[in-house]
Amino acid sequence: MRDYNKLIFEISREGRKAYSLPKCDVDTLPVDELIPEKYLSSTPTNMPEVSEVDIVRHYTNLSSKNYGVDTGFYPLGSCTMKYNPKINEVVASYDGFRNIHPLQPEETVQGALEVMYELQKALGEITGMSEVSLQPAAGAHGELTGLMIMKAYHRERGEDTKRTKIIVPDSAHGTNPASASVLGYEVVEIESDKNGDVNVEKLKEAMGDDIAGMMLTNPSTLGLFEPNVNEICDIVHAAGGLMYYDGANANAILGVTRPGDMGFDIIHLNLHKTFSTPHGGGGPGSGPVGVSEELAKFLPTPTVEKHGDVYTLNYSKPSSIGKVKGFYGHFGVCVRAYAYILSMGAEGLENVSANAVINANYLMQALKGTYKLPIDRLCKHEFVLGGIENDNGITTLDIAKRLIDYGYYPPTVYFPLTIHEAMMIEPTETESVETLDAFISAMLKIAEEAESTPELLKEAPHNTPVRRVDEVSAARNPIIKYT
Amino acid sequence: MEIKKGLYYTEENEWVRVEGNKAYIGITDYAQDALGDIVYIELPDVGDTLKAGDAFSVVESVKAASDVFLPVSGTVIEINEELEDSPELINEDPYGSWIIAVDLLDVTELDELMDAEAYEEFSSQEN
Amino acid sequence: MHRYIPNTEADLTCMLDRLGLSSIDELFRDIPRELLLENGLDLPEALSEQELISKMMGLSKKNSGVNELTCFLGAGAYDHFIPVVVGELVSRSEFYTSYTPYQPEISQGTLQAIFEYQTMICNLTGMDSTNASMYDGPTACAEAARMAVDSTRRNTIAVSRTVNPEVRKVLDTYMDLCGFKIVEIGMDNGATDISQLEEQLNDDLAAVVVQSPNFFGIIEDMNAVGELLSGSKTLFISYVNPISLAVLKKPGEYGADIAVGEGQSLGNSLNFGGPYVGFLATTKKLMRKMPGRIVGQTTDVDGKRAFVLTLQAREQHIRRSKASSNICSNQGLNALASAIYMATMGESGLKEVATQCMQKAHYAQKKLTENGVYKPLFDRPFFMEFAVTSAVDPSSVNRDLLEAGILGGYQLSREYDEYTNGLLLCVTEKRTKAEIDKLVDCMLETAAKEGRGMA
């Protein structure tokens with residue numbers, strides 16, 4: 001059914017229905033007696049009218065046009081596409097978690113508050129931070145929240161109008177500068193040195209009393225551990241700035257080292273990357289924020305607290321930045337992450353990092369002779385190739401698209417921007433050496449094809465539900481709804 | 001790459017065509033080629049007064065967004081509305097597709113810009 | 001080894017050998033020694049699957065949810081019926097284990113589903129364009145405010161006091177720390193004071209935010225707001241309950257520039273507050289100012305219809321520090337649930353849900369207030385929530401209700417000092433006549449018991 005090509009609106013037939021509701025068993029009145037006519041709509045909602053079978057077949061067919069972690073290897077760099085354990089889905093669907101209202105009396109949701117409290121504690125231990133808030137909805141939202149805390153800190157010291165700049169390395173994910181500028185910060189980009197590390201001399205030059213802080217991903221988007229992280233933290237602290245840790249790549253360091261110990265003041269984690277919760281085709285994620293003891297008072301409200309055996313929500317925190325999201329964050333995602341941590345235990349988490357790192361290095365070593373490897377040194381959970389040397393005009397995009405023909409989801413391409421023709425590969429710990437070997441064979445085969453039959457790459461993918469799409473006309477004349 | 005005689009050029013690859021006190025501004029052949037297929041252009045409002053160096057427009061391709069900087073100070077007196085519906089005109093005819101016209105505030109600012117020859121020299125080194 | 005980590009000890013030995021390393025520790029030799037965690041993490045030992053089930057089941061049982069208690073609580077999160085197909089289809093792992101659809105060739109399922117979601121949201125709100133969804137209602141509203149500031153180049157947002165306090169708090173945080181100003185529009189008898197709004201209009205105002213049905217369930221005069229703002233540069237941000245739009249006027253019908261709201265009601269479980277899904281819809285003119293992902297229709301090289309993420313040059317991964325928003329995800333799975341819900345309910349189902357909510361809420365309000373012990377707090381048309389007041393302390397009311405297996409209302413004094421004894425009740429289509437009658441009986445009993453029968 002991969003040729004199924006109908007929109008739900010195109011299979012709609014007037015009068016067909018897929019729902020059943022109980023009869024309205026109260027005394028009713030004509031609608032216009034309840035609500036003045038001027039408030040009532042005169043237009044239909046134009047929702048599709050289909051049967052239940054139609055719905056089930058439609059979405060089942062759509063799902064078959066998707067590639068997920070459950071379909072196969074998904075080495076999407078910086079996204080940590082690890083296996084999403086089934087048990088996590090099951091526990092998150094328990095009635096006592098899924099069907100509780102956020103404003104219920106606290107005595108009726110003690111189990112939920114306990115999950116949140118214990119997860120906060122576990123994440124604090126894993127990162128070496130003093131307190132954690134689960135409120136942010138995603139990684140980018142965690143960044144925003146963390147920078148809000150940074151701003152609140154400088155404001156309390158009367159320095160917020162003076163400290164207007166945030167330092168970001170040029171290899172950073174685009175979200176870092178975007179988050180900073182959303183809050184009105186000026187972004188100062190620091191060039192990486194030839195090893196891919198932060199150029200410490202350039203950093204020193206950029207320091208001043210106008211620096212609010214620095215955002216650093218460690219390991220970096222190049223998959224490299226920043227060897228001077230201590231010194232970097234010291235430099236920024238000495239200038240009165242705070243250090244922000246982007247936890248996008250935390251999968252490499254679980255149980256090995258902690259941002260709190262490196263000297264970071266504020267961190268965020270991505271539960272949908274490091275802690276195995278599903279990406280959901282774009283969300284929901286969850287981006288908890290952790291802070292040092294000094295900054296704990298700025299965390300969003302409410303905070304979850306434990307007094308004796310009772311869990312409570314504390315709304316009265318006068319220095320808090322306030323709320324960044326409705327209610328308490330993505331509780332359903334938090335349940336999954338908590339179940340994951342419980343199922344891994346301390347030792348299991350250490351094994352996560354060890355296997356994520358060995359898998360990445362194994363791939364890197366096998367591919368580096370054939371593909372360009374601009375920075376050749378021990379990597380952490382991921383590494384970045386720089387395309388392939390060839391005379392046929394084969395680009396990273398062509399290689400990526402050809403990988404689809406071989407049954408793989410392509411790596412992250414054209415990021416980081418500092419590497420020409422970048423291809424960022426992150427195998428994760430949930431893949432076996434056999435899977436890696438098969439991927440290596442495919443990559444080597446593609447390199448051969450790039451020489452012998454370049455058109456195979458240029459025209460790839462060949463057997464997908466759709467082939468390469470026209471992005472230019474999509475953007476020039478946007479059609480973003482069915483009419 | 002085509003570089004047209006009789007225009008002024010900037011290092012950011014904008015061109016200026018002067019008619020009396022009125023200056024038409026667009027992006028060069030090099031700029032359109034570097035951006036690739038242009039899908040959208042954001043235009044300023046007529047009446048905006050801007051300084052030389054201000055970003056007055058954003059040109060977007062599928063994979064990039066690029067600010068266009070005003071080479072000379074002036075008040076916007078015309079915008080090329082045709083580009084709103086057909087931004088690809090910039091790809092097809094970069095020197096024919098002016099983006100805005102401004103009423104020049106200070107004609108001496110033109111002296112700071114490059115002529116075709118200087119721009120050619122600059123392009124061969126920089127671009 | 002762990003069940004989620006396939007490499008065996010033998011595999012690891014072999015791989016280390018291939019890498020020319022002698023131990024796992026060597027994989028981390030680039031980390032300065034003083035940063036290495038010496039004694040490991042202080043976390044409990046791993047649980048087996050059976051132990052995990054029993055632990056999590058135990059925790060879940062410490063909560064009593066809306067399947068155990070009869071829910072009359074709303075205030076921003078609603079207990080609607082979710083057809084079984086929604087959960088079944090969303091659970092397909094091709095949907096939930098995929099990433100943001102960057103590679104369109106193998107993501108058409110997600111892309112088409114979002115395209116259909118976008119269509120449904122546009123149809124429901126009567127707006128021209130929408131994105132692939134936002135984190136939730138409150139953040140959607142904050143992003144709409146940022147969008148207004150950005151596109152009008154003005155600095156102040158006016159927010160009605162009848163907007164859900166949860167939404168206003170998020171808006172406050174965003175505006176405060178982004179350096180923008182918020183002004184509050186007062187209320188009159190539970191609705192936005194339109195004449196006060198008129199007085200507050202000025203050239204520094206980027207947008208006005210009004211919610212309808214508002215926090216008290218009251219239907220605001222959105223026509224009046226639309227008329228007031230038509231022709232002015234100030235944008236009209238309308239915060240709406242999507243279910244209500246099957247019956248009530250759509251934002252597009254009264255001239256809203258941006259329609260936002262909480263999509264939880266559309267097929268998403270209560271989940272103790274999240275994940276939910278926000279929607280943000282706007283005019284054609286402001287389409288390119290929207291934050292977040294957007295899916296568009298195009299064709300592939302063979303001319304076949306295809307869907308793809310589009311207008312990406314707005315976004316952070318291209319614009320970096322010049323992007324107007326840092327958002328790089330959507331609530332993919334929740335938006336999918338919403339789309340399946342809307343498709344399942346269809347034109348008539350959505351209307352019936354909205355109508356039943358309205359009828360049942362009015363029945364409850366009439367029944368509860370007819371003998372005068374509880375009085376309507378406001379005298380205005382409402383949708384499915386209504387506020388009452390009485391001489392009885394609402395915490396006693398809620399306590400007794402809970403004892404009777406009922407999740408009572410929202411105490412308005414939490415956020416509105418002046419409504420000391422105000423209680424906000426919500427009645428969805430799920431409630432039966434018997435349940436409503438029981439609610440009324442219980443509440444009257446409490447009043448009688450407290451000896452404040454006829455206040």
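My entries follow, grouped by topic.

**Model**

I am working from a predicted model.

**Aromatic pairs**

I picked one to look at: A:Y245 with A:F264, an edge-to-face pair with 5.0 Å between centres and 70 degrees between planes.

Where do A:Y245 and A:F264 sit in chain A? I found A:Y245 in strand β5, residues 242–247, and A:F264 in the loop between α10 (259–262) and β6 (266–269). The two are 19 residues apart in sequence, so the pair ties together separate parts of chain A.

Buried or exposed, I asked of A:Y245? A:Y245 is buried, at a relative accessible area of 0%. A:F264 is buried too, with 3%.

I also noted a cluster linked by ring pairs. From chain A it takes in A:Y94, A:F97, A:F327, A:Y328 and A:F331, and from chain C it has C:F272 and C:Y276.

**Charges over rings**

Next I checked for charged side chains over ring faces. A:K151 lies over the face of A:Y185, 5.4 Å from the ring centre. Another one runs between chains: C:R414 lies over the face of A:Y315, at 5.8 Å from the ring centre.

Then I turned to the backbone.

The bond from A:G283 to A:P284 is cis, with omega near 5 degrees. I placed A:P284 in the loop between β6 and β7 (289–291) of chain A.

A:F415 and A:P416 are also joined by a cis peptide bond, with omega about 0 degrees. A:P416 is in the loop between β11 (412–413) and β12 (423–425) of chain A.

**Positive phi**

A:N46 is not a glycine, yet its phi is positive, near 55 degrees. I found A:N46 in the loop between α1 (31–34) and α2 (52–63) of chain A. With 45% relative accessibility, A:N46 counts as partly exposed.

C:L311, likewise not a glycine, has a positive phi of about 55 degrees. C:L311 falls in the loop between β12 (305–309) and α10 (316–319) of chain C. Is C:L311 buried or exposed? I wrote down buried, at a relative accessible area of 3%.

Methods. Residues numbered from 1 in each chain as written. Chains lettered and ligands numbered in written order. Predicted model: local features only at pLDDT ≥ 70, side-chain atom pairs only at ≥ 80, totals over all residues. Heavy atoms only, no water. Phe/Tyr/Trp six-rings, centres within 6.5 Å; stacked < 30°, edge-to-face > 60°. Helix = DSSP H or I, 4+ residues; strand = E, 2+ residues; numbered from the N terminus. Buried < 20%, exposed > 50% of the residue type's maximum accessible area, 1.4 Å probe, protein only. Lys NZ or Arg CZ within 6 Å of the ring centre and 35° of its normal.
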